[in-house]
Every structure is written in structure tokens, then in C-alpha cells.
Amino acid sequence: MQAALEPFLQAHADEVSWVVVAQLSPFAPPENPGRLYDFYRASNEHQIENEVRSALKYNRNSRLSNKEAGAWMEIFVAYWRAVGFILRAEEARNQGRIEDRQFVDIYDAWKTMTDLIVRHISNGSLPNWTIVCMYVTANHLRRFAIRADEQLAQSKSNVTFSPGFGDDIVSTVARNEKLEEAARVFNKMFALCLGDRNPDMRESRKWGTYYVANLLFKTYFKLKNVSLSKNVVRSIEAQNDLPDFKVYPAAHRTTYKYYVGVLAFLQEDYTKAESCLTDAWNMCLPDSMKNQELILTYLIPCRLITKHNIPTQTLLASYPGLKRIFGPLVSCIKSGDLAGFDAALLAGEDTFVKRRIYLTLERGRDIALRNLLRKTFLAEGFEDLKEGQSELDRIRKTRIPLSHFVVALRLRSSGQALEDDEVECLLANMIYKGLMKGYISREHSMVVLNKKGAFPGTGV
Amino acid sequence: MQAPTASKAAPAKMIWPPELKTYVQRALAEEFQVRGVTTIEVNEQLKKTIGYFAERAMLFELDWDNYPLPQDIIVAERAKLAEQAAANAAFTNNSSSPTSTKRKAHDTVESQSPTKTSTPPWQKTNLADRVTFGNGQKEKRPKQDDATSSKSDLEKRRKRFQLGTSGKTKTTTPPWNTQNGPDSDLSSGPVVGTNQNLEKSYFRLTAPPKAETVRPQPVLERTLDMLRKKWKGEEKNYNYICNQFKSLRQDLTVQHIKNSFTVKVYEMHARIALEKGDLGEYNQCQTQLRVLYMQKLGGHPAEFLAYRILYFVYTCNKADMNDLLAELTNADKNQDAVRHALDVRSALALGNYHKFFRLYLEAPNMGAYLMDMFIVRERLAALANISRAYMSIALRFLTDELGFENDRECCAFLEAHNAQNMIEEKVNDNGTQLRVNFKGAAPHFEALRAAAFSKVDIKGQI
């Protein structure tokens, strides 16, 4: 045990947080695949406490204060136990027989350890630079919680009678009880980081704020409790003594901007969403393709609404995943192919719904329709030249029979034949939404378009 | 793994009777483990038992050697629940009163088939426990043939447990048997009702109900019949009906009755609430029905799925709508009612008011009642639209487009929204025609539309 804790003491003395973090990792590093196993085998349930104590407290090399040594001792003992559960589960998996609660046990053990870190940071036993350990450990906790919940979901039905004297027959039991529990731990951490009063910013826990916030976002999204994320954003925005956003690590900032953007997107605040997602997009590292794809998944529908923009084929070409889901939709919007648009939306429905962009993309049909109407308008050609007018004075025909639009829509729509009144209704919609300028005259069965800019923003 | 938990149960400072120590050891010993009962459950029960007697300073008085082991208590408790469930089931089958033969036949068919895919929780533990039950008790009593250990044995055993404790602890009931026991979930176990009244006022429970105030299922079935007849007949007092339904639902809950009859009750209450526009009650029923349908207990899942879609259209809840869309299967989408509701949703999303009002007129089931909740709002939205796209139109066109019954209704609607001055009479070749002139009307309707959408009242949303 003494030997096993040597790297920790060294790293701690140098205050190299990432090495300390590595000493508390639930995974063995690739260059030393046997690390967890060796670490676990170095002790046993009866001796672990004493051994860790002597390695940390009574070791000549150890420069830990008594209080801090005590804290680390508890943490390492908890870690050792958690490693035990992890190894047992690994072994069971290799033999193909995972037991009922194995992942739950890992989660519970890991939570004990996480709780200890939180407690010792908040009571001041551990220096503030160790918040890195705290939030990395927390991130592992999130993963373990998800696995534990999956296991619990398999082993019990999620419908039971309500335990109280309620009036109704059934209550849905928390399907993600472990992740919900983990969320409460993260919340505690969040408060711990956000509310740190240490005036020395180099020593402040406030540096963990955005990382833990991101952790909460991930958890709440997974729990389908997106609205709770809003509280996180609100408390950060209300806290006015945080260090400048710009000086936080780019990784924290990018993820944070991404989530704030997605939140705004889900609340249909597309302007804010666009600006946050664009920020995230600009900060994202050039080779983090996965993250870029995530950002674009929301940025593309967003710009479709705010700017009526569609992504270029060149952009989509670099992201095969996005090209697959957005490609057909985009080309149908461009060509005004309503039937194709409906088919593409239907084909991608499952993916779109899962990513919560379906209802937004659906509105892209307006743009497809606008493009179709614009083509019809262009096909109408120009007014005859009057005397004394030159080619330059030519103006487009702006009085277009309704029937022409009806024909155009029938050509490019699928399903049942469109009624004339329905086409009229869709035209009225275009006018109402400002995608087309003009008015409908029922008496003359004509659409009278604006002579200057019938389709704003499209050059005609 | 067991060593630390055992030591946890007995902190060092207190003095424990040696009998208790051996009791704990026995409880955790390998040979006493019962299949189907986990170590964690045993530990829980152990803590509960010791805590209970420690509070009453009876640790030294109790005859620990003869006190049932925690795993046995758990098994007995489960058996008891199972028995009650069996009793409930028996009630259903016994309802052969001559008056209700027809319904009984209907019910038994449904109640025999429903839970093939999902066993209700109270029946789950049953069989396994009975079979393994002999093993755990080997040392204590003559060995029994597992196969023959039947329900009467179970009954005897249960009685023995009760007697066993009453020897020394006459004044206190053991924690696993009390109705008001401290923090025990078991206290809310099912009641078996004995009340025979058809009517009962709803009263929110704050304590476990007494059997004599609760009506068993056969009585409840007659209650439902009576309520149905009343609602179809003279009784138009919704408060009375709603109150009766709430007490009906409560009686079902406290007896843990969850079968096709339950579904019927909730469906009927939901429909009546819809008819009266009581979205609060409706939503409660809807939430319950959703879970009941998951248990495949029959009923009309498609109809209510369609209502749920329309309900989210009403509340404009995009997040919920998205979740719901994610749940839909292709089979769901092919149901007429669901198809209709989805069409309503997409028509509104695309601003296709023409299609929307057509769909309003042909809503299946009670969908139109739900659509009534947002029809005014959508009419205003359509007017905001039309007033911007047209200079003026014939009133008749508006009547048709907005799904009004006749011109008069349409006029009344416009008047109600301060638009009467827009209606003009125009004389042309075919006589006079009523027209609506939209000059300068767009901002007026836009403001009305915005106001209508800003106040979606979500009653009883859970």
C-alpha cells in the first residue's frame, strides 16, 4: 500500500492535480493495465485502513498535515473498496454472468467516495486545488449512476402502488433513482464552487463552477428534466463575482455555451440559441468532430428559423452523420420540393425527435414553400415593355392568378389533392409570416405581389 | 461482505443480549438464507426489528431464540399480501349475483387474460417463496415436502408467527404487523372493504381507511353502473358525479385493485371530465390511464393517446409533445384517432388553419371537446393571418374557413372580439352580400391572438 500511494504523495507535494486525479481513477491507465488489480491486491478489508493511515500519516515522506492526511485516508479507503467492486464486476462480466446489483454496488461505493471528497473540501480539510479531483470523480459517478439505473430498470417493474393514502392507483417510481441521487450530489458541488468566499482567486473553488454546471446539464438532460437546467444558468447569471468567463478553460466554456444554447433552443429563443451556439462553434477545437456535430445539430435548425439559411453542401460533406440526416431535407428546401420535404422529415423523424429538433425542422417547410412560390413568381416572367421603356425598366409580373400557385403546389405536394382554399390559406400564411409581400384578392382570384421585393431577402 | 454489516448492526458501546447476537448471526448465516430475499432486505428488516424493540427497551426480554428470522418475516409478509390479492381476485369471481351476469362474464374474460406479459407486483413473489420456504426452516420444524406446502400451511404459519410473538410481548405488536408502525411501508398494504353502500362522499384520507368504509369491487361495479345511468339520464350535477368518482377511485386504490375494471372507471371519469371541460380531473385520470395502459389491462389506449396529443396541443408544451412523439410506435400512428390528433398538431404547426378547422369538424370520439379548449385561440390566430393577407372577404368565406355553424355564429364571434364595425353590407349583381373589411384590422387581431396564447391555463398538470 505504501508503494501504491507513493505517486499520490509525490503529485500532491507538487500540486499536480491531474496526477492526483489519475490516482483516483476507476480505470486503469493504458500503460499500466494491471494498476487497479495491483492496488486492490495490495491490501485487504481488515488492514486497509491501517495501511493507508501509515502510508499517509506516519510516512516520513508524507508532508500532509494531520487533518488533510485523515481526509485522504478516508478517501483512499473508500476508493479501495470501490475498486474492489469494479474488479468484481469486471471479472463477472468476463465470465458472462453479471449479478443483479453489481453496477449498483459500484455506484454506491463510488458515491461514498465522492461524498467524502465533497465533505472534506467543504470543511476545509483539503486544499481548494483538489476541486479537480472532485469534479472528475463526479463525472465518473454520473456514468456509474447511469449504468446502475439501467441495471435496476431491468430487475424491477417500474409500476407500483403509491405508498401513501393517495387517491389514485398507481404512481411511477423514479426510474432513474441513482442518477437523481447523483444529481443532488452535483448540486451540492455546484453550490460549493459557486458560493466560495475565498477572496484569493488563485485559490478559489469558483474555477470549478462551469465544469460542475456542465455536469448538471448532462445529468438533467439525461433525466429528461431539462427545466432544472434553467436554474443552474440563472444562479450563474445572478452570481456577479465570478472570474471573467473568458479566463476559464476553453473546454468548460465551450460545453457551457453549447448547453445554454441548446436550452435557449428548446425554449424557442432562437436568437439567443444562435448566438450561444455560434460561440461554442467558434471555440470548438478543429478536430473535435463529435462536438462540432453536436453543435451543428442545433445550430442548423436554428439558422433555418432565424435567418432562413440552409447549410452548404460543403459544410455537410465534412460531417457524414449530419449529411445523412439533414442532406435530403436541405436539398428539398432548396428546390421547393414539398413532397420530398415531407418524406425526408418522416424518414428522419425518429432521429429528429430524439434530438428534439423535429418540431423546429418542421417549420423549414415554410422555407421550402417560399422557394416554390418564388419559382412560380419567376416563371411568370415580365410585363410587356411599354413605349419608351428599355430592357432595364422591365418589371416582373406581380399580378399572378391563384390557379398558377395551385398548380405549382399540386405538382410538388404529396398525398391528397390540395383544395383551392387550402392553397389560399398557405399563401395567407406566407404573407402573415412576412416571407412573401402582397395580398390575395378572392374576387379576382389573383395574388397581388409587391413590386419591390415580393420575396424579401431572396433578391426578387 | 456480511461481516461489516453485522458489526454495524451492533455498535460497540451498547450491551446486547447474547441471544440477540446469535439471532443476528443466524439471520445472516448462509444456511438460513431464503431464495428470493436479498441480504439487503434482511439487513433492513433486522434493523427495523431491533430498532423497534430497542426503542421499547425490550431487547433483553424478548425470546430471541424463538423470534422469527427477518427473512421469514419478509416471506410471511409477502405471503400475506399475496393472500389478500387472492382474496380480491376471489371477490371478482364471486360477483355472480344474478343481477350482473352479463357484466361478470365480460369481466372474468378480461381478468383472466390480461397480465400475461406483466405480472402485477403483488403476485410476483408468491410462488418462489412458497417453494423455497421449507429450506429456510429446516432446523426449526419437521421438514415438509416442498411440493405439498400449500396455502393452508401458509395460513397456519402466519398464525403461528402471530401467536409466537404474543407470548411475551402481549402489549406490543411486532413492527411488521402494525397498521401504524413507525416508517413501515407495509402499513399501507391493501384493505379489503366490506361496505355495501353504492354512494359515498369523497373524503381525502389522512390515515389508513377502515374496512367498513371501503366498498369491495362487486359493489363498486354496481356503483359505476349507477353513475353511468345517472349521467346519461337526469343527473346533470357534475360536482356530485365527480365527487362520487373520486371516492370510487379512492376505494380502488386502497384495495390495490388494478384490472380492467379500474381502467373502465378512469376512462369514464376522464370522458365525463372532458365533457364538462374539467381539465384538472381529466388530466389526473389521463396520467393514471397512461400507466394502466402500460400494464395492458385493456381499455381504449388509442382514444386516450389521441386526447393526450390534443391536450399538449392545447398547453403548447413543446417539450412534452416531443417526448410523446418519441414514444409513438407505427402501430399507434395507424390508429384513426391518433392519426387525426397528429394531423391537428401538424396543421397548427404549419399554420394551415384551413385543414385545422376541417379536422375540428370531423374529430372522432370526444376530441372535439378538447379542441373546444383552444378553438377560440386558433380562430383568432387565423383571423390575424387572414386580416393581413386579404383586403376584404365575404363573411361566408370566413364562416366556412373558421368552422362556424353559420354566418350568425361568425358575426357573433366577431362582435365578441370588437370587430363588428368591420362587417359591411355590399350590394352587387346577385343581391346583398355581407363582407368583412380588414382595413387596419391586422394589429387588432394580432394583439388578440397574442393575448389568447399567453394565458394557457394548465390545470392539475403533474
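Is Arg215(B) buried or exposed? At 0% relative accessibility, Arg215(B) counts as buried. The legends below start from this residue.

This is a predicted model, in which local features need pLDDT of at least 70 and side-chain atom pairs count only at pLDDT 80 or more, while totals for chains, interfaces and linings use all residues. Residues are numbered from 1 along each chain as its sequence is written, chains are lettered from A and ligands numbered from 1 in the order in which they are written, and side-chain values use heavy atoms, with hydrogens and water left out.

**View 1. A buried salt bridge in chain B, Asp251(B) with Arg215(B).** The closest N and O atoms are 2.7 Å apart. A salt bridge is a side-chain nitrogen of Lys or Arg within 4 Å of a carboxyl oxygen of Asp or Glu. This pair links distant parts of the chain, 36 residues apart. Asp251(B) sits in helix α10 (residues 238-254) of chain B. Arg215(B) sits in the loop between α8 (151-166) and α9 (217-232). Helices (H or I, at least four residues) and strands (E, at least two) are DSSP runs, numbered from the N terminus. Asp251(B) has 1% relative accessibility and so counts as buried. Buried means under 20% relative accessible area, exposed over 50%, partly exposed in between (1.4 Å probe, protein chains only).

View 2. Over all chains, the whole structure holds 33 salt bridges.

**View 3. A salt bridge in chain A, Asp421(A) with Arg442(A).** The closest N and O atoms are 3.6 Å apart. The partners are 21 residues apart and link distant parts of the chain. Asp421(A) belongs to helix α21 (residues 420-432), Arg442(A) to the loop between β4 (438-441) and β5 (446-449). Asp421(A) is partly exposed, with a relative accessible area of 24%. Arg442(A), at 28%, also counts as partly exposed.

**View 4. An edge-to-face ring pair, Tyr210(A) with Tyr248(A).** Rings of Phe, Tyr and Trp (its six-membered ring) pair if their centres lie within 6.5 Å; planes under 30 degrees apart count as stacked, over 60 as edge-to-face and the rest as tilted. By this rule the count is 35 aromatic pairs over all chains. Here the centres are 4.6 Å apart and the planes stand at 85°, so the pair is edge-to-face. Tyr210(A) is in helix α9 (residues 209-222), Tyr248(A) in the loop between α10 (226-238) and α11 (250-266), 38 residues apart. Both Tyr210(A) and Tyr248(A) are buried. Ring pairs link them into a cluster whose members include Trp207(A), Phe217(A) and Tyr298(A).

**View 5. Positive phi at Lys224(A) and Glu268(A).** Neither residue is glycine. Phi of Lys224(A) is near 55°. Lys224(A) lies in the loop between α9 and α10 of chain A, and at 60% relative accessibility counts as exposed. Phi of Glu268(A) is near 65°. Glu268(A) is in the loop between α11 and α12 (270-283) of chain A. With a relative accessible area of 35%, Glu268(A) is partly exposed.
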